Amino acid sequence: MLIAVDMGGNMPPVDMGGMPPDGPPPSPSVETVLNQGCTTTVVRGLSEQLIAQMNCIQPGVVSSFAHLQNLNLYSAVFPFLQSPAVQGLTSTVAGQNTLTISSALRTIPQQYLLYRWYQQGRCNIGLAARPGRSNHNGALAIDTPDYTAWKSRFQANGWQWLGSNDPVHFNYTAGGTDIRELSVLAFQKLWNTNNPND
């Protein structure tokens with residue numbers, strides 16, 4: 001798409017690469033990317049905005065644990081938890097071998113994808129809570145495939161193992177508050193900002 005720009009001189013048309021003059025085309029919806037594999041990385045950009053929005057609404061509500069050296073994170077993991085849970089995780093991994101984490105804070109779009117895949121029997125998901133209902137949405141949970149080797153360490157540092165129904169899952173129970181509604185509010189505020197006529 002070529003746009004003619006008159007700046008009082010003889011400037012050639014500007015090639016906008018097919019974009020309308022008022023900005024880029026809208027991104028695909030979460031529903032649109034539902035069938036694009038089995039990874040929540042398809043909503044990474046939106047999720048990063050939502051985490052920032054949560055900390056904008058309530059400054060410091062979630063903290064990063066990316067500084068911990070002996071962690072191996074799956075590509076879709078956001079290394080954020082509530083501050084007390086970060087302290088509990090720090091104590092858990094201190095002086096230990098590498099811990100693999102497959103999930104920590106989950107945003108509403110991530111939870112939506114996981115829940116829909118669970119409903120559809122896809123992606124080997126054995127259990128998933130509704131969006132806004134998971135302790136991952138409240139930044140007080142982690143999943144690890146290494147649960148057998150780490151269970152006693154977690155339990156000694158304020159984490160509760162969910163048991164055989166969801167063996168990879170640990171909830172932090174020694175601090176923090178229920179902020180799952182804040183996760184939903186962040187989504188609503190971000191939606192309203194970007195869709196003022198909806």
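Modeller: Thr144 is buried, with a relative accessible area of 0%. Buried means under 20% relative accessible area, exposed means over 50%, and partly exposed lies in between (1.4 Å probe, protein chains only). Keep in mind that this is a predicted model: local features need pLDDT of at least 70, side-chain atom pairs count only at pLDDT 80 or more, and totals for chains, interfaces and linings use all residues. Residues are numbered from 1 along each chain as its sequence is written, and side-chain values use heavy atoms, with hydrogens and water left out.

Where does Thr144 sit? Its place is the loop between β7 and α4 (147–156). Helices (H or I, at least four residues) and strands (E, at least two) are DSSP runs, numbered from the N terminus.

Now look at what surrounds Thr144. Setting aside residues up to four places away in sequence, Thr144 touches Leu99, Thr100, Ser102, Phe154, Val168 and Phe170. A contact means heavy atoms within 4.5 Å. Thr144 also has a partner close by in sequence. A polar atom of the Thr144 side chain lies 3.0 Å from the backbone nitrogen of Asp146. That is a polar contact: a pair of N or O atoms within 3.5 Å, where, within protein, one must be able to donate a hydrogen and the other to accept it, and residues adjacent in sequence count only if both atoms are side-chain atoms.

Next, follow Phe170 into its strand. In β9 (residues 169–172), His169 and Asn171 point one way, while Phe170 and Tyr172 point the other way. All four are buried. In a regular strand the side chains alternate between the two faces of the sheet.

Strand β9 has partners. Strands β7 and β9 run antiparallel and are joined by three bridges. Asp143 has His169 of β9 as its bridge partner. Strand β8 (residues 159–161) also pairs with β9, in the antiparallel sense, over three bridges. There, Trp159 is bridged to Tyr172 of β9. Two strands pair if DSSP finds at least two bridges between them.

Together with Trp150, Trp159 and Tyr172, they form one aromatic cluster. Rings of Phe, Tyr and Trp (its six-membered ring) pair if their centres lie within 6.5 Å; planes under 30 degrees apart count as stacked, over 60 as edge-to-face and the rest as tilted. The count is five aromatic pairs. In one case, the ring centres of Tyr115 and Tyr118 are 6.4 Å apart and the planes are at 40 degrees, so this pair is tilted. Tyr115 and Tyr118 are three residues apart in helix α3 (residues 108–120), so about one helical turn separates them. Is Tyr115 buried or exposed? Tyr115 counts as buried, at 14% relative accessibility. Tyr118 counts as partly exposed, at 32%.

Lys151 lies over the face of Trp161, 4.0 Å from the ring centre. The rule is that NZ of Lys or CZ of Arg is within 6 Å of the ring centre and within 35 degrees of the ring normal.

Neither is a glycine, yet Ala139 has a positive phi of about 60 degrees and Cys123 has one of about 65 degrees. Most residues other than glycine have a negative phi. Ala139 is buried, with a relative accessible area of 0%. Cys123 is partly exposed, at 22%.

Arg180 belongs to helix α5 (residues 180–194). The C-alpha atoms of Arg180 and Ala139 are separated by 8.0 Å, although the two residues are 41 apart along the chain. Leaving out residues up to four places away in sequence, Arg180 touches Gly132, Arg133, Ser134, Asn135, Asn137 and Gly138. Its side chain reaches the backbone oxygen of Arg133 at 2.7 Å. Arg180 itself is partly exposed, with a relative accessible area of 23%.

Last, the whole chain. It has five helices and nine strands. Of its 198 residues, 37% count as buried. Among contacts between residues at least 6 apart in sequence, 63% join residues at least 24 apart.
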